[in-house]
Amino acid sequence: MISSLDAVKAINDVRADAVVVGTMTPNRYWESVTENPDLDLPIFGGMGKASSVALGIAIAQPDKKVLCLDGDGSLLMNLGTLVTTAGTAPENLVHFVFEDGGYFTTGGQPVPGSGSVDLAGMARDAGFAESYEFSDLEDLASELPRIFEQSGPIFVCLKVNHPPTPPPFYMGKTGPEMIRLAKILRGK
């Protein structure tokens, strides 16, 4: 298993100027490591929708790398996004799923199918250009630069766990911060 905090650190190390769309559990960790918060778009109040928002940004900004930081429960709430993403085939999208087997942010309720569902296999079967699964930090860190160079869409399932005291739940950007991000994404 990979610590969720170590996973976001490894992603941040190769992120460069990619837009990061995150939700739920990954947001708890991302806020503490991001080095380019102007290009972060945390999704709150729309569990399961980060992948759809990331897909829209990837389509609208084909020259900009877009990373989706998703949870396993969030993905399962919007599973059709795998087929939609694969069908649209944005070459600039990397969809990370933090698989911990529970709705960690909302109290740890078990995710349906936890331990028996192959999320990386589902993405591969949906038609993603590449699909990976990692449970070892060193393997993830060594493969991320190569993954970021590939044409997408790319799916990366991370088998994660959490520290005894996770970071607080970050509640997102303010209205003015969202407007500033929209202008950056439009190139203004």
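Reply: A crossing is left-handed if the near helix is turned anticlockwise from the far one by less than a right angle, and right-handed if clockwise. By that convention, α1 passes α2 in a right-handed crossing. This is a predicted model, in which local features need pLDDT of at least 70, side-chain atom pairs count only at pLDDT 80 or more, and totals for chains, interfaces and linings use all residues. Residues are numbered from 1 along each chain as its sequence is written, and side-chain values use heavy atoms, with hydrogens and water left out.

Me: What makes α1 oblique to α2?

Reply: The axes of helix α1 (residues 4–15) and helix α2 (residues 24–33) cross at roughly 50° and come within 9 Å. Angles under 35 degrees count as roughly parallel, over 145 as roughly antiparallel, 65 to 115 as roughly perpendicular and the rest as oblique. The angle therefore makes α1 oblique to α2. Axes here are lines fitted to C-alpha atoms, for helices over the stretch in contact, and angles run from 0 to 180 degrees between N-to-C directions.

Me: Which residues of α1 and α2 make the contact?

Reply: On α1 they are Ser4, Leu5, Val8, Lys9, Ile11, Asn12 and Arg15, and on α2 they are Pro26, Tyr29, Trp30, Ser32 and Val33. Contact means heavy atoms within 4.5 Å. By class, the contact of α1 with α2 has seven nonpolar, three polar and two charged residues. Ala, Val, Leu, Ile, Met, Phe, Trp, Tyr, Cys and Pro count as nonpolar, Asp, Glu, Lys and Arg as charged, and the others, Gly among them, as polar.

Me: Why is α5 called oblique to α6?

Reply: Helix α5 (residues 80–88) and helix α6 (residues 119–126) pack at an angle of about 40°, with their axes 8 Å apart. That angle is why α5 is oblique to α6. α5 passes α6 in a right-handed crossing. Leu82, Val83 and Ala86 in α5 meet Met122, Ala123 and Ala126 in α6. The residues of this contact divide into six nonpolar, no polar and no charged.

Me: Why is Gly22 called buried?

Reply: Buried means under 20% relative accessible area, exposed over 50%, and partly exposed in between (1.4 Å probe, protein chains only). Gly22 has a relative accessible area of 1%, and is therefore buried. Gly22 lies in strand β2 (residues 19–23). Beyond its neighbours within four places in sequence, Gly22 is in contact with Asn27, Leu41, Pro42, Ile43, Ala50 and Leu69. Helices (H or I, at least four residues) and strands (E, at least two) are DSSP runs, numbered from the N terminus.
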